[in-house]
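Visitor: Please take a close look at one part of this model and go through it in a connected way. I would like the cut-offs stated along with the terms.

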Amino acid sequence: SGSTSNNIVLYWHRTDLRLHDSPALHAALALKPSTFIPVWTWDPHYVYRARVGPNRWRFLFECQNDLSKSYTKLNSKQKLWLVREDPQTVLPKLWKKWGITHLVFEKDTDPYARERDEAVVRLAEEAGIEVVIRMGRNLFDPDDLVRKNGGKPTMSMTQTEKAAEKINNGQPDRPVETPKSIPDPWEKDRMDLSDIEHEIADPTPDLNAAHRGTKDKQYTQIMGPNNDFSVPTMGEIGIDPSLATTPHRGGESVALKMLADYTADEEYIGTFEKPKTSPAAFEPQSTTLLSPHLHFGSLSIRKYWWDVQDIMTKRRKAKKTNASVPVNLPGQLLFRDMYFAAQAAIGAPFARTHGNKVARVIDWHLQSKPLQSSRNDEDAMEDDDGDLPARDYEIDSLEAEEWFQSWKIGRTGFPWIDALMRQLRSEGWIHHLGRHSVACFLTRGGCYVSWERGAEVFEELLIDHETASNAGNWMWLSCTAFFAQFYRCYSPIAFGKKWDPNGDFIRRYVPELANFDKKFIYEPWKAPIADQKKWGCRVTNDDNAVDGTTYPKPMFDFDKQRQICLDNMKRAYDVRLHGNDEQVLDGSWKKL
Ligand code: FAD
């Protein structure tokens, strides 16, 4: 029936920028609100303390705009109401001003989010407001997976699959219905917030200041009063829109269309095997590129899983061959759940080595300082090269610091690595095996630099950045956790060549090498000088021109470096068996 209650419901959007299959939104509407207000609150943690590059900002704004339009389509009085203040301080003001009876949101198990939500729930209870929380961000509630895994972090797919079996025979819940109508908000006068006092959060340290032209402008426009509740523009938050170069678009409409296009191709869905998809494919890429939509919740992971699973069931009945877990698409989605559950069990230390009980201690260069002795990000310095400041770390090798900086900007002299790092910077996304290549190269298969340095760069540049997946995969690739076969290493030359012998991917992302013969495109330093001249690019370290006429020589002899890494890894693993972490960290294992 269309009858309503006296419930005045505040719906708090965070990880769920969608209307379809949102268990939390569904629960909110089931309260049959007389008044319904869907809000987004800018969180200073996201605005100042998370590393967010221009591409991810834009993706987020696109998701918000799309969702807002979808609300308006269902009810012309509605939109996504953006409020520019810390949730802990602004929500109580909204409850009062709008006479809220119920607060509803999607469960978020990220360590910071848990802390914030606990605080908000306490405040709501004090104010006599009923709080409704629903899981919808994962296939399975990460806390349930942990419980079914004996209270331990899920450290393998076998463990994750077994735990999922115990929840619902390994099947997530079916999607819930998409709302067909949305109740009204308050009338204009009561929605108006110009009479409430805004508290502007202290913007220091502001890890994202470097992206903005006018540093003193800070984020006052994103965090200050916003009486029209609008989605900010790039300009409003001080970021030059031309810095957001990604071709990948945000928003629920885009995500649903992408998923529908993939599922229309049943052969693609049924035969998808991750290890057989090419990291060198672009336009189109070889995998689904739905990860940023899962991150922002513009696509429901359960809808994704079921749409794919239903096709696979149909094909099985028709006796068509399907790929199986973990290489198929449902397996990919379960990998995401594995990392979420591992993080849910470990908490905040999951994203670093110190205090993280699943992380193997390895004597990397450029290690983070332990939390207690570090600046704790409080007074993190700003680089003047426009990059975001790093977490405080020990520069124990100037050479490694230089390698790290060259890796970051895609000037290592290894075209495969540089092409990937430049694709990451300009587009905010690279293929999984591309991520494997650059992560292995930075850590145990090249530079021997701490995985935390790499994870930070990914945090800034990825449009799909997800704390659990990022830290988890970096630990996997660096053999810090999840995976231990450190003798299996990616060659920055042979691996790419296998997928793309002509080097089209390199020609695209390292255009200065576009004219090189395919014989030399992976190792341009081997090309005769006369050819280099003919092809319009010299391989040299003599001048630092980044004008497309030169390309750097390789920053080290890869084979030599790989051997050094292997020897170090072997010792670090031995010490773990026969010694202890301190010996690894203080270097005394070298004398063992
Ligand atoms: P598809 O192959 O189409 O897979 C479908 C979905 O499954 C993805 O969208 C993703 O949500 C999930 N998925 C697939 N593989 C993984 C995986 N190994 N771990 C977790 N989820 C997975 N993924 C992120 O979403 N955020 C990150 O911050 C992130 N950081 C990474 C860092 C490193 C060093 C590595 C090696 C991998 C990282 N990944 C991360 C995992 C993976 O590379 C991406 O999820 C995937 O490439 C996204 O592209 P896709 O949507 O086309 O994937």
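Guide: UniProt, in an unreviewed entry, assigns residues 7-139 to "domain: Photolyase/cryptochrome alpha/beta". Its positions are given here in the numbering used for this model, the feature name is shortened, and such an annotation may be inferred rather than shown by experiment. The model is predicted: local features need pLDDT of at least 70, side-chain atom pairs count only at pLDDT 80 or more, and totals for chains, interfaces and linings use all residues. Residues are numbered from 1 along each chain as its sequence is written. Residues 7-139 are 47% helix and 19% strand, with 30 Å between the end C-alpha atoms. Helices (H or I, at least four residues) and strands (E, at least two) are DSSP runs numbered from the N terminus.

The part to look at closely is the ligand site. The ligand is surrounded by 28 residues, of which Thr287, Thr288, Ser291, Asn470 and Asn473 are the closest. Two or more residues of this shell come from each of helix 12 (291-296), helix 14 (329-346), helix 17 (432-442) and helix 19 (467-477). A residue counts as near if its C-beta atom, placed from the backbone, lies within 6 Å of the molecule. The shell divides into eleven nonpolar, twelve polar and five charged residues. Here Ala, Val, Leu, Ile, Met, Phe, Trp, Tyr, Cys and Pro are nonpolar, Asp, Glu, Lys and Arg are charged, and the others, Gly among them, are polar.

Two of these helices follow loops with a cis bond. The peptide bond between Glu283 and Pro284 is cis, with omega about 0 degrees, and Pro284 sits in the loop between helix 11 (266-271) and helix 12. Val325 and Pro326 are also joined by a cis bond, with omega near 5 degrees; Pro326 is in the loop between helix 13 (301-317) and helix 14. Most peptide bonds are trans.

Helix 17 also packs on helix 16 (residues 415-427), at about 115 degrees and with the axes 10 Å apart. Axes are lines fitted to C-alpha atoms over the stretch in contact, and angles run from 0 to 180 degrees between N-to-C directions. The two helices are therefore roughly perpendicular, a label for 65 to 115 degrees (under 35 is roughly parallel, over 145 roughly antiparallel, the rest oblique). Trp416, Ile417, Leu420 and Met421 of helix 16 meet Gly434, Ser437, Val438 and Phe441 of helix 17, contact being C-beta atoms, placed from the backbone, within 7 Å. This contact has six nonpolar, two polar and no charged residues.

Note on methods: Two residues are in contact if their C-beta atoms, placed from the backbone, lie within 7 Å.
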